[in-house]
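User: Can you walk me through this model? I'd like to know what to look at.

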Amino acid sequence: MIAVLRNNRDLWAGVMLVGIGAGAVLMARDYPFGTTLRMGAGYFPSVLGWILIAFGCWIGVSGLRHRAVIEGGWSPRALLVLPLSLVLFGVFIDRAGFVPALAVLIFGAAAAGRDFRLVEVLALTAFLTALCVLIFVVGLGLPYPLVFGF
Amino acid sequence: MDLLGNLVLGFGVALSLQNLLYCFIGVLVGTLIGVLPGIGPLATIAMLLPITFSVPPVAALIMLAGIYYGAQYGGSTTAILVNLPGETSSVVTCIDGYQMARQGRAGPALAVAALGSFFAGTVGTLLIALAGPPLAEFALSFAAPEYFSLMLMGLVAAAVLAQGDMAKSLAMVVLGLLLGIVGTDVNSGIARFSFGVTELTDGIGFVVVAVGVFAIGEIISNLGDATRRTVETAKVTHLFPTREDIRRSIGPVLRGTSLGAFFGVLPGTGPAIASFSSYMLEKKLAADPDRFGRGAIEGVAGPESANNADAQCKFIPMLTLGLPASGVMALMLGALTIQGIQPGPQVMTQRPELFWGLIASMWIGNLMLVILNLPLIGLWVRLLSMPYRLLYPAIMAFSAIGVFSVNNSPLEIYLAALFGVLGLVWMRLGFPLAPLLLGFVLGPMLEENLRRALLQAAGNPMVFVTRPISLVFILATLAILVVMAFPAIRRRQRDIAD
């Protein structure tokens with residue numbers, strides 16, 4: 001029974017919606033609700049939150065009846081490494097410069113995939129970084145320092 | 001000004017050297033991503049949006065539009081040659097197009113697809129030019145209640161008519177609306193859902209959501225799927241269709257164009273629905289339906305015209321009412337806003353060069369595509385054999401630079417990463433993603449018009465049903481909901497989708 005529930009697509013979809021809706025309603029309590037005549041900042045988000053909760057219940061319950069399962073693969077490696085490489089790009093671009101940030105991003109993105117070939121990835125990183133510098137900094141004139149300290 | 005004068009103005013704008021260049025870049029990039037599976041016009045436009053900041057609004061829109069309809073052409077090329085639909089709109093083209101290619105008739109199939117699309121594009125352009133001004137004029141009389149009801153109708157229709165689970169689509173719209181109101185409330189100055197983060201008081205960037213969900217989420221999803229594609233390419237020997245081919249194609253092209261134009265104006269119906277309907281219609285009308293699925297040229301001509309007409313006519317509600325009928329149109333609307341142009345019916349009167357220039361450029365772009373594509377087919381096919389592992393790091397790099405260049409804010413990069421993960425989760429839980437974007441774009445406008453309408457009506461919600469135009473929109477919204485709730489229609493739609 002537990003195993004069935006764990007993979008139940010629509011049940012999880014419903015749980016997520018109820019969670020987000022409840023969060024919105026709770027947070028919107030801090031904003032003045034107002035009246036229908038003069039709506040406060042909390043009016044619209046509260047209403048939306050309740051609608052989400054309603055949809056979540058509906059979808060979750062129908063999930064218990066239909067028992068559709070979650071399809072499609074999850075690659076834990078991609079799920080971790082890909083966002084991480086983006087975060088590193090954000091960290092590096094203000095501290096180390098455009099070139100190191102891009103190199104980290106491209107190398108990291110390539111490492112998130114299944115077949116990783118070091119030489120190919122290094123060549124790809126060098127090629128794409130150079131291409132981006134040409135297009136964005138030289139061509140479009142974006143004002144990013146290539147490498148800090150130079 | 002009359003239609004002719006307007007078109008002259010438009011062609012004057014579109015034929016300037018700069019705009020021709022941007023149009024060319026647009027259709028070239030569009031064809032490229034149309035050929036490559038795994039990256040669609042939504043992700044590309046989201047990614048390239050920030051780069052268009054430094055460009056004048058007309059040129060930016062011309063290029064983005066070029067990417068959009070260029071992708072339709074590119075998608076059909078791979079559908080015919082390698083049985084691989086580059087875009088969902090060309091799924092149906094695979095059926096007979098690939099069979100034709102296997103019989104050594106790839107050339108005629110490609111030529112008929114290109115010419116049919118060109119014809120549909122021409123009709124679509126004319127339709128926008130004809131229908132745009134009266135619609136915009138009509139919409140100028142709208143006040144807050146009409147706008148609220150219109151947006152409500154647009155959102156509900158877009159969510160409900162789209163393929164997939166109706167409840168989930170509507171929930172996605174609501175979620176988008178909620179994301180859209182993050183930031184400072186214009187009426188009270190209160191920062192909503194900002195979690196104490198200063199940058200969030202300006203709201204979540206449009207580019208951040210679009211790139212995160214459509215570019216990054218898509219990549220994470222693709223890396224999780226283990227399927228590998230092998231590409232086997234049909235040879236293109238001769239291009240020109242026989243007289244018999246042309247005779248058989250004229251009817252399907254005309255009917256496909258009409259169908260596409262009809263579905264194009266409806267919100268939510270992607271080009272896939274237009275092309276499927278056209279295929280079904282041709283099969284029904286054919287004297288010998290057995291030929292379908294074995295290389296019938298009608299099965300290429302009809303759907304290809306339909307999806308192009310649909311793509312063009314999607315611009316009508318966006319340009320005249322400021323109402324996006326699809327995810328791509330939501331991006332176009334975002335592009336307008338970022339350029340400092342308030343979307344709505346006043347665009348046509350205040351910025352006629354923008355409206356007519358864009359329309360004229362679409363016709364020119366379609367012409368470029370016909371001339372460009374036929375000789376370049378060999379190149380596109382070779383691109384197909386490029387492995388995905390070399391492609392997606394480039395998409396990541398472009399996405400990151402695009403997001404960062406909007407506000408030079410690392411936080412927006414982190415948010416894009418977060419939306420990438422969320423996008424994957426939503427995809428796996430069976431949520432469609434385009435409705436989220438529609439809600440996100442329309443959220444602030446919807447709230448603003450709701451508040452204003454109720455304030456003007458002294459808090460009486462009846463204002464939405466006592467004003468006749470607003471009542472029509474509300475009734476239409478209810479009608480769409482009731483009709484689509486009938487299981488028979490849902491089932492039929494699912495059959496078409498499969």
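Analyst: We can go through the interface, the core, some helices and a few single residues. Keep in mind that this is a predicted model.

User: Start with the interface. How many residues of chain A are in contact with chain B?

Analyst: On chain A, 54 residues are in contact with 53 residues of chain B.

User: Which helices of chain A supply that side?

Analyst: α2 (9-28), α3 (43-66), α4 (76-95), α5 (98-111) and α6 (118-139) of chain A each supply at least two residues. The largest share comes from α4(A), with 11 residues.

User: OK, the core. Which residues have the most contacts inside the largest nonpolar core?

Analyst: They are A:L105, B:A46, B:V174 and B:V211. The core itself has 215 residues. Helix α4 (residues 57-82) of chain B gives the most to this core, 17 residues.

User: Where does the core lie relative to the domains of chain A?

Analyst: Between them, because domain 1 (2-66) and domain 2 (76-139) of chain A both give residues to this core. The centres of those two domains, taken over C-alpha atoms, are separated by 38 Å.

User: Back to A:L105. What is A:L105 in contact with, leaving aside neighbours within four places in sequence?

Analyst: Partners in chain A are A:S85, A:L86, A:L88 and A:F89. Partners in chain B are B:M396, B:A397 and B:A400.

User: Switching to helices. What does α16 of chain B span between its end C-alpha atoms?

Analyst: Helix α16 (residues 352-384) of chain B spans only 40 Å. A straight helix of 33 residues would span 48 Å.

User: Where does α16(B) bend?

Analyst: At B:L376, by about 65°.

User: What about α10 of chain B, how far does it reach?

Analyst: Helix α10 (residues 243-265) of chain B reaches 34 Å from its first C-alpha to its last. That is close to the 33 Å expected for its 23 residues. There is still a bend in α10(B), about 35° at B:S249. A proline, B:P252, follows within four residues.

User: Are B:S249 and B:P252 buried or exposed?

Analyst: Both B:S249 and B:P252 are buried. Other buried residues of α10(B) include B:R255, B:G256 and B:F263.

User: Now single residues. Where is B:L454, and is it buried or exposed?

Analyst: B:L454 lies in helix α19 (residues 434-456) of chain B. B:L454 is buried, because 23 other C-beta atoms lie within 10 Å.

User: Which residues is B:L454 in contact with, beyond its sequence neighbours?

Analyst: Leaving aside neighbours within four places in sequence, B:L454 is in contact with A:T36, A:L37 and A:M39 in chain A, plus B:G459 and B:P461 in chain B. Separately, the C-alpha atoms of B:L454 and B:P145 are separated by 8.1 Å, although they are 309 residues apart along the chain.

User: What about A:R95, buried or exposed?

Analyst: A:R95 counts as exposed, because it has 11 C-beta neighbours inside 10 Å. A:R95 sits in helix α4 of chain A.

User: Last one. What is the phi of B:N408?

Analyst: Positive, about 50°, although B:N408 is not a glycine. Most residues other than glycine have a negative phi. B:N408 lies in the loop between α17 (388-407) and α18 (410-428) of chain B. With 12 C-beta neighbours inside 10 Å, B:N408 counts as exposed.

Terms used: Residues numbered from 1 in each chain as written. Chains lettered and ligands numbered in written order. Predicted model: local features only at pLDDT ≥ 70, side-chain atom pairs only at ≥ 80, totals over all residues. Expected span 1.5 Å × (residues − 1). Bend = angle between axes of the 7 residues up to and from the residue. Core = buried A, V, L, I, M, F, W, Y, C linked by C-beta atoms within 7 Å. Buried ≥ 20, exposed ≤ 12 C-beta atoms within 10 Å, placed from the backbone. Domains from an automatic or database assignment. Contact = placed C-beta atoms within 7 Å.
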